[in-house]
Each structure stands twice: as C-alpha cells, then as structure tokens.
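Have the sequence and the 3D structure at hand while reading.

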Amino acid sequence: SGPAGVPRPATATALTAFLHGIEQRAWVFALCQGGDAAHADQALAGAERAFIAESGSLPLSEWPLRFWAALLRQPGLLAVLDPQLELARFEPGPRAALLLRLLANLDGAHAAEALGVSVRAYEAALGQAMATPGLASDSTIGKHETIASCALSCASVGLRSTANARHASAKYMRYVGPTSRM
C-alpha cells in the first residue's frame with residue numbers, strides 16, 4: 001500500500017477487477033441474507049470499504065475469503081428476515097451457510113472461517129438449510145432456482161417494484177447462468 005492505506009497502482013487495478021467480478025454475487029448475497037435492496041446496497045458498500053482498507057496487506061489468494069467475511073460482518077446480515085420473504089424459512093446461520101455455498105463458492109473450511117465458526121458448525125448449518133422443506137436438495141439447478149425465487153421475493157418486498165425485483169433476480173440469474181454447478 002501507498003501512503004495512508006492508498007493501494008499501489010498495480011494493486012488498485014487488481015482490486016478494481018476483483019470488486020467488479022464479485023459485486024453482483026455479493027449484492028444478491030446481501031439481498032437474500034438481509035432481506036431488502038437498500039440494506040443490500042449499504043452492506044455491500046460497507047464491506048467494500050472494509051475490504052479495501054485491509055486488502056493492501058493481504059495476498060491476492062486471501063481476497064475472496066476476506067471479502068465474504070467483511071460482508072458477513074455488516075450489520076443486520078445475520079438478522080431474522082421479514083416473515084413475508086421466502087428465505088425467512090431459513091434461520092440466519094443456515095441461510096448464510098447455504099448462500100456461501102451457492103453464491104460465494106467457498107469450500108467448508110473457508111465458509112466456516114468467513115462466518116467465524118468451526119467447520120463442524122458450518123456443516124451443521126448447511127445441513128439444516130439443505131433439509132429445509134421445499135428446497136430441491138437433489139438438484140443444483142433447483143437450488144439455484146430457489147435462491148433466484150428468493151431474491152425476487154426479497155426484492156419485491158424491499159423495493160415494492162416489480163421491475164426492480166425482476167432486475168435483482170436477473171442479476172442472480174446472470175451470475176449462475178443456465179448450467180451452473182455447485
């Protein structure tokens with residue numbers, strides 16, 4: 001890093017590329033985990049600020065884990081959701097575990113570290129989420145469709161606008177695409 005935590009030019013370029021590449025997934029994660037678009041915007045902005053402040057001292061290989069951990073530290077992302085939302089059927093921890101698996105693509109050890117829990121606790125939370133009635137546990141595409149539906153539900157309640165809700169769901173579907181796999 002340069003003076004006062006300002007990234008060096010090469011690091012700034014890598015940082016910009018990293019944030020650009022992760023932003024859509026992170027926003028959808030924050031939307032599904034926090035329950036509304038305005039909160040997702042605030043959480044993403046806060047996570048980006050926190051991550052930028054620490055990224056200069058980290059090796060590039062640690063950036064994904066540190067970014068997701070910074071996002072999870074944002075206020076309200078482990079809160080109980082509005083009961084109107086489809087994702088409210090998941091408790092906050094299992095919801096975060098499932099979203100880390102489907103959106104962040106973190107392995108168990110890294111997801112546990114991002115959540116600040118043991119691998120055993122992460123696996124238990126993920127197992128609880130996967131056993132939730134209505135989640136298509138036998139189909140990766142079904143899981144992604146469930147999360148896309150949940151993103152649409154969160155956006156609809158949070159934004160009160162069908163066009164904006166479709167935009168949020170489309171952000172997620174652009175990320176997963178038609179053939180995404182876990």
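Residues 24 or more positions apart account for 66% of the protein's contacts with a separation of 6 or more, where contact means heavy atoms within 4.5 Å. The model is a predicted one, in which local features need pLDDT of at least 70 and side-chain atom pairs count only at pLDDT 80 or more, while totals for chains, interfaces and linings use all residues. Residues are numbered from 1 along each chain as its sequence is written, and side-chain values use heavy atoms, with hydrogens and water left out.

The protein has eight helices and zero strands. Helices (H or I, at least four residues) and strands (E, at least two) are DSSP runs, numbered from the N terminus. Of the 182 residues, 45% are buried. Buried means under 20% relative accessible area, exposed means over 50%, and partly exposed lies in between (1.4 Å probe, protein chains only).

**Helix α6**

Helix α6 covers residues 119-130, and at 1.5 Å a residue its 12 residues should span 16 Å. The expected span is 1.5 Å times one less than the number of residues. The end C-alpha atoms of α6 are 16 Å apart, which agrees. Which residues of α6 are buried? They are Tyr122, Ala125, Leu126 and Ala129. Seen down the axis of α6, these buried residues fall within an arc of 100°, so they line one face of the helix. The arc is that of the directions from the helix axis to the C-beta atoms. Helices α4 (92-104) and α5 (108-115) are among what covers the buried residues of α6. On the face turned away from the buried side, α6 carries the exposed residues Arg120, Glu123 and Ala124.

**Salt bridges**

How many salt bridges does the structure hold? There are three, a salt bridge being a side-chain nitrogen of Lys or Arg within 4 Å of a carboxyl oxygen of Asp or Glu.

| Pair | N to O distance |
|---|---|
| Arginine 73 and glutamate 54 | 3.7 Å |
| Glutamate 62 and arginine 66 | 3.6 Å |
| Glutamate 113 and arginine 66 | 3.3 Å |

Arginine 73 and glutamate 54 form a salt bridge. This pair links distant parts of the chain, 19 residues apart: arginine 73 is in the loop between α3 (63-72) and α4, and glutamate 54 is in helix α2 (residues 37-55). Arginine 73 is exposed, at 52% relative accessible area, whereas glutamate 54 is partly exposed, at 23%.

Glu62, Arg66 and Glu113 are linked in a network of salt bridges. The side chain of glutamate 113 meets that of arginine 66. Glutamate 113 lies in helix α5 and arginine 66 in helix α3, so the pair ties together parts that are 47 residues apart in sequence. Relative accessible area is 29% for glutamate 62, which is partly exposed. Arginine 66 is partly exposed at 23%, and glutamate 113 is partly exposed at 40%.

**Serine 55**

Serine 55 is found in helix α2. Is serine 55 buried or exposed? Serine 55 is buried, with a relative accessible area of 1%. A polar atom of its side chain lies 3.2 Å from the backbone oxygen of isoleucine 52. Leaving aside neighbours within four places in sequence, serine 55 is in contact with Leu15 and Trp63.

Conventions
A polar contact is a pair of N or O atoms within 3.5 Å; within protein, one must be able to donate a hydrogen and the other to accept it, and residues adjacent in sequence count only if both atoms are side-chain atoms.
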